[in-house]
Amino acid sequence: MNQLEKAYDPETFRRQGHAVVDMLADYLADSFSPTPALPVIPWRTPEEQLRHWQDDLATPSDADPLALLQSVLEESIHLHQPRFMGHQVCPPAPLSALAGLLGGLLNNGMAVYEMGGPATAMERIVVETVARHLGFGAAADGVLTSGGTLANLTALLAARSRLADVWQDGHRRSMALMVSEEAHYCVDRAARIMGWGGQGIIKVPVDAQYRMRTECLEPLFTEAQSNGITVIVVVGSACSTSTGSFDDLAAIGAFCTRHDLWFHVDGAHGAASAFSTKYRHLLNGIETADSVALDFHKMLMTPALTTALVFREGRDSYRTFSQHAQYLFSEQEPEWYNIAKRSFECTKLMMSVKVFILLRTYGVKLFAEYVDRVIDNGKIFAELLHERPCWETAIAPQCNIVCFRYLPEGVDEAETDAVNRRIRETLLEDGRFYIVQTTLKGRLWLRVTLVNPFTTAREMTELLECCEGWGR
Ligand SMILES: Cc1ncc(COP(=O)(O)O)c(C=O)c1O
């Protein structure tokens, strides 16, 4: 066999595929065991990491590709371990990852219906399911896209297109969005990408719980108007990234209605609460939004990237890109099944299958159980912190994101920052846990996002004991 034939040989694939699934199943079993063999994060500096893989390619220690995969597995960060409490990326349900493998091999391009029929239909069903849970009516529609960043930008482009025929004529007037100062940086970036510059982002201050102070919307809006800036959209955070704070969506919605503004909700993390009965209240008012972004890869057990961008009025989803591509689309009509008409991407992943398979196999109940479990965990962690001396939380957590810090006795703020920084660095090098840090009001806080549904009070307590050991 020549190299090409070898690379596509079905029997080789069968053998390797079985071995990879066995390897991953062993990995899962190890991850869920009380004392996993692998660290959560096998820390290497970026330079060491680069050298390691350069050496590996130059002189492979083992020619077997499975040895490489085993080594990638061992050297990576391990989200399935309950001691992973770091950034907002979930441990995917294995079945969803298998759908990803299928999608990876089939490689349906998804831009037009012919290049991905089943996944296109599934995409519509997944979007409808999200829309229903958000409280949208039958007119809602949308697309799946590659990440919350892109979904937010796409929604803001739709908002802009409602105001003027920017697509055709460009725009000369100064435009702006209003958003909480605690919003994810991608909203700021989107405004700058659209050419609005720094003055195009009006940052609304937050209250003690890091929620947008909605009473500031009106005066900031009036001030922008008097400066000749046209505000076209308000972005609500559900929730914010650093502290997991949910803005008052009902108040923002009412403000937008009053001024005929577009209302977008960045629900990349927290819109998943729409699937929970217990935590649905966090999203009160979301049903008044014009558009909502929701990341399945953050809070709904799906491999990255899988994001739903849903419009309350489905026709709005066709406004964003009114480009003619004669080799792709024969008509300029709204065609739900030719997805590239409405998505930033041309070719994209078959992401709908990864969600559809979970819905079909376990039902939406799975999503509810997950959301309830991880948000409950945020509250459990806060209680554990409050029971111990020398710990404080930045706020009472509203979801599974908790900011906290160790407060050694008799030291000032600067030293407290230094102690917490040292704790986090030591944790990183130790590798048994993974947590992150953030800055709030100029001070350093440790931060967890409890995305692993199998994290329990046991791992949380172990984490605190470890930190206390290093904080003294
Ligand atoms: C509130 C919020 N919006 C958007 C994003 C960006 O999402 P993505 O990483 O899927 O592009 C994040 C990521 O953490 C986020 O927390």
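Between domain 1 and domain 3 there are 14 residue pairs in polar contact, both residues at pLDDT 80 or more; a polar contact is a pair of N or O atoms within 3.5 Å, one able to donate a hydrogen and the other to accept it, and residues adjacent in sequence count only if both atoms are side-chain atoms. By class, the side of domain 1 that touches domain 3 has 14 nonpolar, 5 polar and 1 charged residues, with Gly counted as polar and Tyr, Cys and Pro among the nonpolar.

This is a predicted model, in which local features need pLDDT of at least 70, side-chain atom pairs need 80 or more, and totals for chains, interfaces and linings use all residues. Numbering runs from 1 along each chain as its sequence is written, and side-chain values use heavy atoms, without hydrogens and water.

In domain 1, 20 residues are in contact with 24 residues of domain 3, contact meaning heavy atoms within 4.5 Å. The two domains bury about 1800 Å² between them, 64% of it on carbon and sulfur atoms; that is accessible area (1.4 Å probe) lost on being put together, summed over both.

Arg-83 forms a salt bridge with Glu-462, with the closest N and O atoms 2.9 Å apart.

Terms used
A salt bridge is a side-chain nitrogen of Lys or Arg within 4 Å of a carboxyl oxygen of Asp or Glu.
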